[in-house]
Amino acid sequence: MSQVTAALDYLKQGLSLAKSPGLRPYVIIPMVFNVLVFGGLYYFFGQWIGGWVAGLAAGWEFGGAWSFLNPAVDFLVGAAVVLVWVVLLGLFASVFTLGVQLIAAPFMGFLAEKVDIRATGRPMPEESIPAMTVRVFKRELRKTWYWLWRAVLILFVVLVIYFIPVVNVLASTVWFLWSGWLLGMQYIDFAADNRQVPFTVMLERLKSKRWMVLTFGSVVLGLTMLPLVNLVIMPVAVIAGTLIWVHELAEPGGSGPSPRKGGF
């Protein structure tokens, strides 16, 4: 099985396992919470900005010979309010995945832990809460530094490519693939971090399965752009990323436990 098809197979397994009774709460609870939070914010800002637009147009009715324009003005105001809701929907959709990751991150760590234990049969390393807090904080700083300076460099390359005729069609592809690699790393790192594998070691393991990680992250990135699908793709990706770590990357050369089709 090639790395590309293996990545797709792990995503299929992740979707199947997300529906299992033991893991379902870790999928449903973050999803419901995020729908309530983002739905409430969307309604609040839509009402506020829509009311502001309607208020600006109040008192602008034409009189006399120009009164025939009033229906057109009312139509334009109504269209502007609708446009506000549409633009807000697009804005919220674009930041939704980031918000889901921030809010649901604790659930995702526990989800990766449960999948790992069930797949390997090995308990997690013992660690005090203060030690875990410090370790996770350092990990996030290290991870942020990893992608931040590279993102700036790649963004510069993308901007240069963008202004070159013909070649500029590759600009969005380069950025998409880079984002896919980062997303694949993020979801696989949940399991690596739970096992206290150093970040540099985790990165070296990822490079040994470069096409698998890139395919996995790019497919997940594409799915996050689909409405409703982005509600459930995060836990599915965490499960799939944990399975990839356990079966492909936990040992050098991918000599971890053999993958079991359809579950554990």
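1. Let's start with glutamate 204 and lysine 207, whose side chains meet in a salt bridge at 3.7 Å, N to O. A salt bridge here is a side-chain nitrogen of Lys or Arg within 4 Å of a carboxyl oxygen of Asp or Glu. Both residues sit in helix α6 (residues 199-208), 3 residues apart, about one turn of the helix. Helices are DSSP runs (H or I, at least four residues), numbered from the N terminus.

2. Keep in mind that this is a predicted model, where local features need pLDDT of at least 70, side-chain atom pairs count only at pLDDT 80 or more, and totals for chains, interfaces and linings use all residues. Residues are numbered from 1 along each chain as its sequence is written, and side-chain values use heavy atoms, leaving out hydrogens and water.

3. Searching the whole structure turns up 6 salt bridges. One of them joins aspartate 189 to arginine 139 at 2.4 Å, N to O. That pair links distant parts of the chain, 50 residues apart: aspartate 189 is in helix α5 (residues 171-194) and arginine 139 in helix α4 (residues 129-162).

4. Arginine 139 also forms a salt bridge with aspartate 193, with the closest N and O atoms 3.9 Å apart. Here the partners are 54 residues apart, again in α4 and α5. Arg139, Lys143, Asp189 and Asp193 are linked in a network of salt bridges.

5. Buried or exposed: which is aspartate 189? Aspartate 189 is buried, with a relative accessible area of 1% (buried means under 20%, exposed over 50%, partly exposed in between, with a 1.4 Å probe and protein chains only). Arginine 139 is buried at 7%, while lysine 207 is partly exposed at 38%.

Technical notes. Helix = DSSP H or I, 4+ residues; strand = E, 2+ residues; numbered from the N terminus.
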